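My notes follow the structure.

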Amino acid sequence: MYSQGLIGANTETKETQEFLDAFQARIDAEIKIEPNDPMPAAYRKTLIRMIGQHAHSEIVGMLPEGNWITRAPTLRRKVALLAKVQDEGGHGLYLYSAAETLGVSREQMTEELLNGSAKYSSIFNYPTPTWADIGAIGWLVDGAAIMNQVPLCRCSYGPYARAMIRVCKEESFHQRQGYELMKTLTEGNEDQKQMAQDALNRWWWPSIMMFGPSDTDSQHSDQSMKWKIKRFTNDELRQKFIDATVPQAKLIGLTLPDPDLKWNENKNEDGGYDFGEINWDEFWKVVKGHGMMNKDRIRARKKAWDDGAWVRDAALAYAKKSEQQNSEAA
Ligand code: FAQ
């Protein structure tokens, strides 16, 4: 299935018990796995799935915010939003490159996104009808992304771990600009404050769903934790995000749309918030392609891919010609 000839494409290794034990010992000793190292086929497959999904999320994630670039209320906001959306595009590129080191091509990954066989984050299937949505995305979506991605800087696969370092630095800036935007709205007039509250009401639950299914329903967590791809489970990260975000909402006078949210002194070691039931039916509906914006998102990505065909053709023709000239000159 995966392209031969790319680095990391050697899948010939015989997976004897001895090989699997040696691989696990290397993981346990915190030695990074690099592209040309032998690795179990399932480890490679998990990473291609996860990094590919992550790359697609960054690229599709440009769309909801891109919707507001031409309508940002001030030049300062426009510059920040442009930079943020551009950063997300850059993250997608580092991540596609990291996945390519495992022997999958960019074309294959794109094809899988467009035909629906590869996923991207559920969160980007919600619309952005008001300017406050831009604040809510930065604050909550980037906030959730950081909580999930800081541990990925210690992922056992070297190229993914290294790509995540820069991504996390940029996501931190995104989170701050989103929170500052929300704070500014809450300090404005009644309509502006209401706009911020309405955006928080719509983005809160989808943001906590972003961490994925609960640990009892997560298919991949156990194995990914053993391989030190994931360092925390979905529920552990979700809890950390909620505990960090509730005080931030209080500080700017916003109310979280969950009547069951309550500090519980006895939760975990240092206490934590109890929270209400997550609507998993909604989550799976969105993941399976039936959210409010799924069709629009894929349509936009397909158009971008089709419109860019001439650029790829021209770049390939140029590379081919240079190669030909070099071989003639040799
Ligand atoms: N949406 O067994 P698990 C961002 C799928 S980047 C859709 O728990 P796993 C930056 C999952 O793929 C956001 N599908 O899976 C930004 C699996 O299906 P599969 C993206 C989801 O991999 C900000 C099935 O459910 N971040 O926001 C979701 O162990 C602002 C069972 O799940 C990453 O990708 C979901 N939310 O854990 C950009 C980080 N959750 O593949 C623009 C890296 C689960 O078997 C603007 N990824 N599924 O068909 C991860 O950490 C993990 O892959 C999880 C899922 C935690 C997402």
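I started with Lys119, where a polar side-chain atom lies 2.5 Å from an oxygen atom of the ligand. The model is predicted, and I read this distance as a computed one. I then looked at His220: an N or O atom in its side chain is 2.6 Å from an oxygen atom of the ligand. At Met210 I found a polar backbone atom 3.1 Å from a nitrogen atom of the ligand. I noted the cover next: on its own the ligand has 1100 Å² of accessible area, and the protein covers 94% of that.

Ligand, shell. I listed 36 residues around the ligand, of which Gln53, Lys119, Ser218, His220 and Lys230 come nearest. By class, I have 14 nonpolar, 13 polar and nine charged residues in the shell. Which helix gives the largest share of the shell? I found α2, with six residues. The elements that each supply at least two shell residues include α4 (75-100), α6 (132-149), α7 (158-186) and α11 (280-290).

Cysteines. I searched the whole structure for disulfides and found zero. Cys155 is buried at 0% relative accessible area, and Cys168 counts as buried at 8%.

Methods
Residues are numbered from 1 along each chain as its sequence is written. This is a predicted model: local features need pLDDT of at least 70, side-chain atom pairs count only at pLDDT 80 or more; totals for chains, interfaces and linings use all residues. Side-chain values use heavy atoms; hydrogens and water are left out. A residue is near a molecule or strand if one of its heavy atoms lies within 4 Å of it. A polar contact is a pair of N or O atoms within 3.5 Å; within protein, one must be able to donate a hydrogen and the other to accept it, and residues adjacent in sequence count only if both atoms are side-chain atoms. Accessible areas come from the Shrake-Rupley method with a 1.4 Å probe; for residues, only the protein chains shown count as cover. Helices (H or I, at least four residues) and strands (E, at least two) are DSSP runs, numbered from the N terminus. Ala, Val, Leu, Ile, Met, Phe, Trp, Tyr, Cys and Pro count as nonpolar, Asp, Glu, Lys and Arg as charged, and the others, Gly among them, as polar. A disulfide is a pair of cysteine sulfur atoms within 2.5 Å. Buried means under 20% relative accessible area, exposed over 50%, partly exposed in between (1.4 Å probe, protein chains only).
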